Amino acid sequence: METLGSIQQQFLQELSSLYEQDEIKSIFQIVLLDRLGISKAKFLLEKDMVLDAQQLHSLQQVLSQLKSAKPVQHILGKAPFYGMDFLVTKDTLIPRPETEELVDLIIKDFQFIAKDLQSGIKKIPARESVNLQIIDIGTGSGCIAIALQKNLLHAQTMAVDLSPEAIAVAKENAMKNGVDINFRCLDILEWDVVFQEEQFDIIVSNPPYITQDEKKEMHANVLQFEPHSALFVEDDAPLLFYDHISSFARKHLKADGVLYFEINQYLAKETQEMIFKKGFSGVWVINDLNGVPRMIKAKK
């Protein structure tokens, strides 16, 4: 008879060539919650729970796919991001915790702050969020745009991507999470012929930034199952998208607007210097929770 504990051991043994032990345990918990509705706390209390044939088949079916290096998010068809679930496919990047930190930074810069006044709790805007104009460049699954639209009251968000397949996924995610976003399929490298007089309070992008040289360090589940066009840049032009999007921001960012990027940690200084040279007066490199240079915030 197979128990929760014994099936976890099977995951640990059969996936050991692909993942570290802690990551396998984390994947197992995700699968257990999705397939059987069993939380981590319940698992720890009931490791000896015997699985019936249907439960066992469901878990082993997922394990079989995991052994091919297929990401668990693709197997389950969804990924969590900023308290929401997002549809993910081969046409979009899987939303990552580092990008949640970028979203959190923006929301904290712009959302309403609750202050305890004598008359009670009153919402005071850190910055006026009504009618904020936002553009998310290279939206992919739409996770950044949707999370911002969900949390910044009355904002108007545009999300653009070169891939029509990605736009289709992002539209479905917007509908699923109950937000209205203006999606456009276009090439941001041609921004100067696409955009006219549009002005934005927030310009944000998590563009391709991994060099070909870094590709050899990537896990098989990324290389085989995620879109390379959303991940990689050529070694001789690693800042291509940052360059073009910064130029776009110089023209289309409002006077008090802010440009935000997720960045390649190995090119933080170069990216910062390039944005300074575009004429931005303030460019800050911000570390993620692991102390890695991961975000840039810039003002004109």
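Modeller: Let's start with a term: buried means under 20% relative accessible area, exposed means over 50%, and partly exposed lies in between (1.4 Å probe, protein chains only). This is a predicted model, so to speak of a local feature I need pLDDT of at least 70, and side-chain atom pairs count only at pLDDT 80 or more, while totals for chains, interfaces and linings use all residues. Residues are numbered from 1 along each chain as its sequence is written, and side-chain values use heavy atoms, with hydrogens and water left out.

Colleague: Thanks! Which residues in helix 1 are buried?

Modeller: In helix 1, the buried ones are Leu-4, Gly-5, Ile-7, Gln-8, Gln-10, Phe-11 and Leu-12. Helices here are DSSP runs (H or I, at least four residues), as are strands (E, at least two), and both are numbered from the N terminus.

Colleague: And what covers the buried residues of helix 1?

Modeller: The cover includes helix 2, helix 3 (40-45) and helix 4.

Colleague: Let's take helix 2. At what angle do helix 1 and helix 2 pack?

Modeller: Helix 1 (residues 4-14) packs against helix 2 at about 130°, and their axes are 10 Å apart. Those axes are lines fitted to C-alpha atoms over the stretch in contact, with angles running from 0 to 180 degrees between N-to-C directions.

Colleague: Which residues in helix 1 meet helix 2?

Modeller: From helix 1 you have Leu-4, Ile-7, Gln-8, Phe-11 and Leu-12. Their partners in helix 2 are Gln-21, Ile-24, Lys-25, Phe-28, Gln-29, Leu-32 and Leu-36. Contact here means heavy atoms within 4.5 Å.

Colleague: Now helix 4. Which residues does Gln-60 touch?

Modeller: Gln-60 is found in helix 4 (residues 53-66). Leaving out residues up to four places away in sequence, Gln-60 touches Ile-7 and Gln-10. Gln-60 also lies 8.8 Å from Phe-11, C-alpha to C-alpha, although the two are 49 residues apart in sequence.

Colleague: Is Gln-60 buried or exposed, or partly exposed?

Modeller: Gln-60 is partly exposed, because its relative accessible area is 29%.

Colleague: New topic! How many salt bridges does the structure hold?

Modeller: There are nine. A salt bridge puts a side-chain nitrogen of Lys or Arg within 4 Å of a carboxyl oxygen of Asp or Glu.

Colleague: Which residue forms a salt bridge with Asp-34?

Modeller: Lys-78 does, and the closest N and O atoms of the pair are 3.1 Å apart.

Colleague: What about Lys-254, which residue does its side chain meet in a salt bridge?

Modeller: Lys-254 meets Asp-201, at 3.2 Å from N to O. Again the pair links distant parts of the chain: Lys-254 sits in strand 11 (residues 253-262) and Asp-201 in strand 8 (residues 200-205), 53 residues apart. Lys-254 counts as partly exposed at 26% relative accessibility, whereas Asp-201 counts as buried at 7%.

Colleague: One more pair: which residue forms a salt bridge with Asp-288?

Modeller: That is Arg-294, and the closest N and O atoms are 3.5 Å apart. Asp-288 is buried, with a relative accessible area of 6%, and Arg-294 counts as buried at 10%.

Colleague: Which residues do salt bridges that share partners join into one network?

Modeller: Asp-34, Arg-35 and Lys-78 are joined that way.
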